[in-house]
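User: I would like a close look at a single part of this model. Please keep it brisk.

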Amino acid sequence: MFYPEDIVEEVRMKNDIVDVISNYVKLQRKGSSYFGLCPFHNEKSPSFSVSQSKQMYYCFGCGAGGNVFTFVMEYENYTFQEAIKYLADRVGVELPEIEYSAEARKQADLKTTILEINKQAANYFYYQLKSEIGKAAYGYLTTRELSDETIKKFGLGYSSKYSNELYQFLKDKGYSDEILKQTGLFNIDEKKGVYDKFWNRVIFPIMDVNNKVIGFGGRVMGEGSPKYLNSPETKVFDKSRNLYGLNFARTSRKNYLLLCEGYMDVIALHQAGFVNAVASLGTSLTEGHANLMKRYTEQVYITYDSDGAGIKAAQRAIPILKDVGMSVKIIDMKPYKDPDEFIKNLGATAYEERILNATSSFMFELEVMEYGYDMKDPESKSKFFQEVAKKVLEFEDDLTRDNYIGAVAEKYHTGYENLRQLVNRVGIKLGGMPVRDKEKINFHNAKPKDDAVLKSQRILITYLIEEEGLYDKIKQYITPDDFTESLYNMVACILFEQLEKNEVNPAKIINHFTDEEEHKLVAALFNTKPKFVESKSDKEKALHETIVRVKENSLIYKSSNLNSKDFVMEMQRLTEGKKMIEKLRTLHISLD
């Protein structure tokens, strides 16, 4: 933490979490908390809770949580220091200027250090491109009709044919191998040691929405494989949560985004004036990408390659985008392969016309499906319309369903009434007008069963925060040492200090942690309660069982980790612990 604790706490206290989050999420008050749709995962029913009393947020759906610093870090992709600066500016708190020693810089937040290295690497690659060494790479970009202004805007660069130049450049800046290995810029080999990951490639710096360089893409010059190489995931680079070009597209005045396949498509579109173009980063579109786009627009125009691979990619992307509630249209690139080729041959005006005539995702899917049927053969054509009827039935709303029946009837020159009757017959055959499947479980994010021991420790921490007077009733039995998981123990130590002073402040506890994942875990500690507890007596019983379980587990943990040097003393403590558990079993916990 670079700023003094009192300054950090002042910034946090002056930024009411409800006020801050309300600028990003529509919140409604329910009881003592506020609820809204979580901005970090797709959901239809609000499970995102903001507590004004705790000055914390927590999503019961995906587990995202923390204080006001956490939220800004997560939403804006800021480091902890950047979040403090942003929130300090918001409320007019003047932060002190701090000079850092070389040792202090080494201990700096890892994310900040990696971002510094990436920035220096990007400048190095850009310098190489403009030097005699990068002449061939610069020639390649100009043959692709990119202007100097565009090259500068996107920070395009070149990595030389030598595989250790960037490494030596950064080593001379004083960075250690330990840090450099975590940037994703280098490969590690037992024989060759550490060497540059990108060499003899045109470099595309990848920036987040705040224009910070978080990774790189590289296109090989001449023969080589793979043609495009991307940074691996690092502390600052998550492919599923970033889009190439979004740093520019987010400020576009257009009310939609153009979704491309690659770097050059985005760059060509921006140069042609379509500054709302973005692309996923060397990976298929994910739910994370879709949720990220949803923050800025309700509508996406897919402008993928016109070949078979591009069509399949569009088919995969459509349901992902629609599942987060976005409207999707498809732009036809034919007779050219991609937006880059299209604009070079037909120009920006023709591309604008293609946008205006873009096909709805539903009609696009029908067109693709049509390829599998012989529309001149009556039997095959009938089978096609049977499948069309099934797709129409996917719409829950009657009006939307009727509108698409009309659109299909017009496109395929068939009677509206005939098609409507076919849809009804198919619906009855399928068991009534079906609705959408229940929300699919995201197994990637599905949480494993909670370990009973750790869950009991989380429940107890939550109760200690929420139930006034509980601490005084149990402090002779429970200490921070009874929380055996290291993070839980750290939180308990701070919490018990606060409780002793009668100054419980959950949001302040989170200030002691700078890692986003730690913020999330700590927030979960403050939002864990037993299920199916309704009456006061049930609540007291559940709490009593939790306290006993925490103490029993603490005893088991300590007995299996005895220190041989203090064996006699520790055995005495275990004996005292067993007596304490017996007392606890008979203790009545009242929540009055």
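How many bridges join strand 12 to strand 13, and in which sense do the two run?

Analyst: This is a predicted model: local features need pLDDT of at least 70, side-chain atom pairs count only at pLDDT 80 or more, and totals for chains, interfaces and linings use all residues. Residues are numbered from 1 along each chain as its sequence is written, and side-chain values use heavy atoms, with hydrogens and water left out.

Strand 12 (residues 257-260) and strand 13 (residues 277-279) run parallel, joined by 3 bridges. Two strands pair if DSSP finds at least two bridges between them. Helices (H or I, at least four residues) and strands (E, at least two) are DSSP runs, numbered from the N terminus. In this pair, leucine 259 stands opposite valine 278. From strand 12 the chain passes through helix 12 (residues 263-271) to strand 13, a right-handed β-α-β crossover. Right-handed means that, with the strands pointing away from the viewer, the path from the first strand over the helix to the second runs clockwise.

Strand 12 also pairs with strand 14 (residues 299-302), again parallel, over 3 bridges. There, leucine 259 stands opposite isoleucine 302.

Now the side chains. In a regular strand they alternate between the two faces of the sheet. Strand 12 is covered on both faces. Leu257 and Leu259 are buried on one side, Leu258 and Cys260 on the other. Buried means under 20% relative accessible area, exposed over 50%, partly exposed in between (1.4 Å probe, protein chains only).

Of its 592 residues, 49% are buried.
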